[in-house]
Amino acid sequence: MTYKQLVTEITNLLESHAMINTVKFASPTNWINWDEQPVFPAALFAINNGLFNIGREQVYTITFWFLDKSGVEGEFETEVTSDQHSIAADIISTLRKQSNAWTIVDSINWDAVSEQFEEYLSGVTLSLNINIVSDYDACNMPV
C-alpha cells in the first residue's frame, strides 16, 4: 500500500462515519485558515513521519484530531469531548478490523483538546502507528 492509498483509505473511513461532517487531510491550524465557514464536527489527520523497517515493513505515524465547537465560554466542552472521544473510539475499532493490509498498536494514547484554535474547538487528538508490509521488498522493485 502506498502513501497515497493510505490517505485515501483513511479519508474514506472518516467520511463514512455518520457523526463526522468534514474530513481534511491537514492539521487544524492549516485547515481553519482554508475554509470561511468550517462545518463541524470535523475529523482531521496528518501523516508526517514513519519508518522503513528491515524487509518490506513500512510504518506510518498518523495524527488524528476529532473536533467540534464547544461554545465561546466552553459551556459544551464536556459534551463535545465525550462525543469526539466516542467517534475516535469508533474509528480506531474500524481501523483494527477493517483490513488485513495493516496492523496498529494495541494501546493508543489520546489527549483532550480544550478550547483551542480560533473557533473555540474541543475534542480529542491521538497519534498511532500503522504498520504495512508492502508487496515488494527492497531488492525487488516493480518494473
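Y3 has a relative accessibility of 39%, so Y3 counts as partly exposed (buried means under 20% relative accessible area, exposed over 50%, partly exposed in between, with a 1.4 Å probe and protein chains only). This is a predicted model: local features need pLDDT of at least 70, side-chain atom pairs count only at pLDDT 80 or more, and totals for chains, interfaces and linings use all residues. Residues are numbered from 1 along each chain as its sequence is written, and side-chain values use heavy atoms, with hydrogens and water left out.

**Aromatic residues**

- Y60 is buried, at 9% relative accessibility.
- Six aromatic pairs turn up in a search of the whole structure. Rings of Phe, Tyr and Trp (its six-membered ring) pair if their centres lie within 6.5 Å; planes under 30 degrees apart count as stacked, over 60 as edge-to-face and the rest as tilted.
- Y3 and Y60 make a tilted pair, 6.4 Å centre to centre with 45° between the planes.
- Y3 sits in helix α1 and Y60 in strand β3, so this pair ties together parts 57 residues apart in sequence.
- The rings of F64 and F66 are stacked, because their centres are 5.9 Å apart and their planes are at 10°. Both F64 and F66 are buried.
- One aromatic cluster is formed by Y3, F25, F45, Y60, F64 and F66.

**Overall layout**

- The chain has three helices and six strands. Helices (H or I, at least four residues) and strands (E, at least two) are DSSP runs, numbered from the N terminus.
- Along the sequence the pattern reads α-β-α-β-β-α-β-β-β.
- Of the 143 residues of the chain, 42% count as buried.
- The accessible surface of the chain is about 8,500 Å², and 48% of it belongs to carbon and sulfur atoms. Accessible areas come from the Shrake-Rupley method with a 1.4 Å probe; for residues, only the protein chains shown count as cover.
- Among contacts between residues at least 6 apart in sequence, 58% join residues at least 24 apart. Contact means heavy atoms within 4.5 Å.

**Strand pairing**

- β2 and β3 pair in the antiparallel sense over 10 bridges. Two strands pair if DSSP finds at least two bridges between them.
- N49 has T61 in β3 as its bridge partner.
- A42 stands opposite L67 in β3.
- A hairpin is formed by β2 and β3, with four residues between them. In its turn, G55 has a positive phi of about 85°.
- β3 also runs antiparallel to β6, joined by 13 bridges. Here F64 stands opposite L126 in β6.
- β3 is mostly covered, with 10 of its 13 residues buried.
- β1 and β2 pair in the parallel sense over three bridges. K24 stands opposite L44 in β2.

**Nonpolar cores**

- In soluble globular proteins, nonpolar side chains tend to be buried together.
- The largest nonpolar core has 27 residues, and L14, F64, F66 and I130 have the most contacts inside it. A nonpolar core is a set of buried Ala, Val, Leu, Ile, Met, Phe, Trp, Tyr and Cys residues joined through side-chain atoms within 4.5 Å.
- The elements that give two or more residues to this core are α1 (3-15), β2 (42-52), β3 (57-69), α3 (77-98), β4 (102-104) and β6 (121-133).
- L14 touches I20, V23, A43, F45, F64, F66 and I91, not counting residues up to four places away in sequence.
- A second, separate core of 11 residues includes A26, F40, L44 and V113.

**H17**

- H17 is found in the loop between α1 and β1 (22-24).
- H17 has a relative accessible area of 14%, so H17 is buried.
- A polar atom of the H17 side chain lies 3.1 Å from the backbone nitrogen of M19.
- Leaving aside neighbours within four places in sequence, H17 is in contact with I87, D90 and I91.

Definitions and conventions:
Polar contact = N/O pair within 3.5 Å; in protein donor to acceptor, adjacent residues only side chain to side chain.
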